[in-house]
Amino acid sequence: MTQDTRPKSDTSLTRRDLLRAGGALSLGVLGAGIAAACGPAAGPSSSAPAGGTATAAVKPPRPVSMRLGWLANSQYAGDFVAFDKGYYKERGIDLRIDPGGPNIDPVSLTASGSNTIGNVASIAAMFLARSNGIPVRAFATALQRHPFAFITLDQKINSPQDFVGKKIGIQATARPLIDAVIAKYQLPRDKIEISVIGSDTVPLKTGQVDIITGWVIDAPQMAAVGPGAKTLLLWDLGIRLYAFTYFASEDVFKDRSDMLADFVAASAKGWEYAADHVEEATDITLKYAKDLKRDLEMETWRQEAPFLWSTTTKEKGWGWMEPQVWDDAISVYSGLGLLKAPITSKDAMTQDILQRVATRPKR
């Protein structure tokens, strides 16, 4: 199936408008769920893979649906490659990929059983959910570092201390992230002017603001800023969040843990292949995400691929998550008063599934 999975009514919005990176989901939305608003699934199904060569499944096909954290595009290249080449089917998984969007909450849909597996752009969504009593846990992450960054054209801005006396334009959901930086570096809040500008780069280019926020892998935004852009990654500033993180409900962990291990094995293979075949991975993605510009999608994926790997994955393999990273991030959000109830990494994530998959690539 090769159809446009993007909701047509959302074409005026971009991922930067919603800033999935912030993880500042509405707690009301998290609790309420929006299954009724989603309608029929509109993603591809591995029962009819579009391309690639799938081997005979060694297990009876098991229907599984995965909800993306946002609209289908090249930032999910690894998932689409694994699907397209039949890697899930080889593991006995009959996968359906459902796109996300500005009015679609993967946490609520996965917790309610509407989707078997979910994916979130930031692990902050997971501990916000758990602190509100939603029974979901993460089991793997595609990106080892979050691509969220502060972007400037001022070459004299080299650290958070240089934010003092400056004007910063953010997306609305980035508020917890700038607040976390201000708190971590003990910056004088009254000497930093913050305004909500969405994804617009014009205020930066015209000098209305000194800094904007965004994802460094977002080729359209970075191209709009221009070649003089300087970036300060949130991860490098000590606010560490994993990105594109897979999760499931506690019921799925209890009843279908073998399937989750097979899913991780197939996904790891897909992300590795996509990283090594940038052009092919982009073209595969465009089978399922139409009306996108190939050159920008390819550049986005080219910029994203290095985020799959770290010194940790050289030893522990693709998808690995460290509890300390989770606990540190949870502490940041707790300190900002964003968690309803205290939690730890043990509540929000597990390494159990990853430890069962020895084939995960190490690089």
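Student: In which order do the five strands of the open sheet that includes E10 stand?

Tutor: The order is E2-E1-E3-E10-E4, with mixed pairing. Strands here are DSSP runs of E with at least two residues, and helices are runs of H or I with at least four, all numbered from the N terminus. This is a predicted model: local features need pLDDT of at least 70 and side-chain atom pairs 80 or more, while totals for chains, interfaces and linings use all residues. Residues are numbered from 1 along each chain as its sequence is written, and side-chain values use heavy atoms, without hydrogens and water.

Student: How do you know that E4 and E10 pair?

Tutor: Two strands pair if DSSP finds at least two bridges between them. E4 and E10 are joined by six bridges and run antiparallel, so they meet that rule. One place to look is Ala138, whose bridge partner in E10 is Phe247.

Student: Why are strands E2 and E4 called edges?

Tutor: Strand E2 (93-98) and strand E4 (136-143) each have a single partner strand, so one side of each is left without a neighbour in the sheet.

Student: What makes H7 a helix that packs on this sheet?

Tutor: Contact means heavy atoms within 4.5 Å, and H7 touches strand E3 (117-120), E4 and E10. The direction of H7 makes about 175° with that of E4. Such angles run from 0 to 180 degrees between N-to-C directions, with axes fitted to C-alpha atoms (for helices, over the stretch in contact).

Student: Why is H7 described as mostly covered?

Tutor: Buried means under 20% relative accessible area, exposed over 50%, and partly exposed in between (1.4 Å probe, protein chains only). Eight of the eight residues of helix H7 (residues 124-131) are buried, including Phe127 and Arg130.

Student: What makes the residues around Phe127 a nonpolar core?

Tutor: A nonpolar core is a set of buried Ala, Val, Leu, Ile, Met, Phe, Trp, Tyr and Cys residues joined through side-chain atoms within 4.5 Å. The largest one has 106 residues, and Phe127, Phe139 and Phe163 touch the most other members. Helix H12 (residues 257-276) gives the most to this core, with eleven residues. Phe127 touches, among others, Leu241, Trp326 and Ile343.

Student: Why are Trp215 and Phe244 called a tilted pair?

Tutor: Rings of Phe, Tyr and Trp (its six-membered ring) pair if their centres lie within 6.5 Å; planes under 30 degrees apart count as stacked, over 60 as edge-to-face and the rest as tilted. The centres of Trp215 and Phe244 are 5.7 Å apart and their planes are at 50°, so the pair is tilted. Trp215 lies in strand E8 (residues 211-215) and Phe244 in strand E10 (residues 243-249), so the pair ties together parts that are 29 residues apart in sequence. Both Trp215 and Phe244 are buried.

Methods
Lists of a residue's contacts leave out its neighbours within four places in sequence.
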